[in-house]
Amino acid sequence: MRGAFEDQGGLFSYISPEARIPASHPLRKIRELVREVLSELNRSLGKLYASEGRPSIPPEQLLSALLLQVFYGIRSERQLMEQLDYNLLYRWFVGLSPDDLVWDPTTFTKNRDRLQNGEVFTKFMSKLLNHPQVKPLLSDEHFSVDGTLIEAWASQKSFRPKDGSGDDDGANFHGQKRKNDTHASTSDPDSRLYRKAAGREAKLYYMGHATMENRHGLAVAGMVTHANGTAERRAAEIMLEARSKAVGRRITAGEDKAYDTADHVANLRASNVTPHVTQNNSPTKTGKSRRSAIDERTTRHEGYGMSQTRLAMIECIFGWGKQHGTMRKTKHRGIRRVAADFMLNLIAYNLIRIPKLVAA
């Protein structure tokens, strides 16, 4: 027989959100892993708050909500709160009951700075990589490094002369010589004008850098710098030297041909890092032949070829962050806030991958 249509349904529900989430839902394993890491950060999180006063929103819930924002590419905290209000899956992941009120979007403004100043994102990454289920997945001697451009939340019109000599609104800049030495963005001074490749337009960018271990392609370190021609090499030297000291042994580092310079290769070798850099023997713009800093002493080994084949995997990290995460164009201003969001994207990428690797 035909069922009766009821527009509103029952007033109360006796089914918990836990029972509504399918047992095979991928967020189940991720939520379990996030809860275990957050429990280890309990003491660090406690130091960020006063011992008395009005209770704040638990930082564990704020971090879980920020991870959801990256998982599903939610473009703003306002939209995040809107979806958290009616989406039972999101409420379950964050730890809110169906009757709990969601927070004001401006809650993230001050609390994000608090988490950032406490280096919570970096500590979360460290605890995640040292998790008993995750640590066996990581290589401790073979790594890859690469960088990507992150478009700044600033328009070309904001890129004005530092001395204030511009007398227009900045909209018509054709024919003008604009350089980072003489110009700066009024809305995001930390961003830099940069050209991705010859023949491409120059935009305001940051540059994100990541270190990947070569066994399963998980991100193990990341940082954000100003966009310039040497930023990739300098960031790689900092991250790889720290990684070499952490493992206490010589490591290998796969890099593309943009890193093939004599000083960079020498700096890596001095830091106990064997550079597996792609050789750049292409002719220069003037037609002269370029000589690679990597010779047969390095390329003859089997490990060099293996590093080159694994190098393409690091593009998956950046590709996922720009297609699904929030890395394509940052919604934050200032290098510290952009760096925190970049690290959050690396954490989210690892959390997506780890349950699959553990199950395999």
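Where is the place of Glu-119? Glu-119 sits in the loop between helix 7 (107–117) and helix 8 (120–129); helices here are DSSP runs of H or I with at least four residues, and strands are runs of E with at least two, numbered from the N terminus. The model is predicted, so local features need pLDDT of at least 70 and side-chain atom pairs count only at pLDDT 80 or more, while totals for chains, interfaces and linings use all residues. Residues are numbered from 1 along each chain as its sequence is written, and side-chain values use heavy atoms, without hydrogens and water.

Glu-119 is not a glycine, yet its phi is positive, about 55 degrees. Glu-119 is exposed, with a relative accessible area of 51% (exposed means over 50%, buried under 20%, partly exposed in between, with a 1.4 Å probe and protein chains only).

The largest nonpolar core has 86 residues, and Leu-67, Phe-71, Trp-103 and Leu-351 have the most contacts inside it. Such a core is a set of buried Ala, Val, Leu, Ile, Met, Phe, Trp, Tyr and Cys residues joined through side-chain atoms within 4.5 Å. Helix 14 (residues 335–359) gives the most to this core, with 12 residues. Beyond its neighbours within four places in sequence, Leu-67 is in contact (heavy atoms within 4.5 Å) with residues including Val-34, Phe-124 and Leu-351.

Helix 13 (residues 314–323) is next. Its buried residues are Ile-314, Ile-317, Phe-318, Trp-320 and Gly-321. Seen down the helix axis, they fall within an arc of 160 degrees, so they line one face of helix 13; the arc is that of the directions from the axis to the C-beta atoms.
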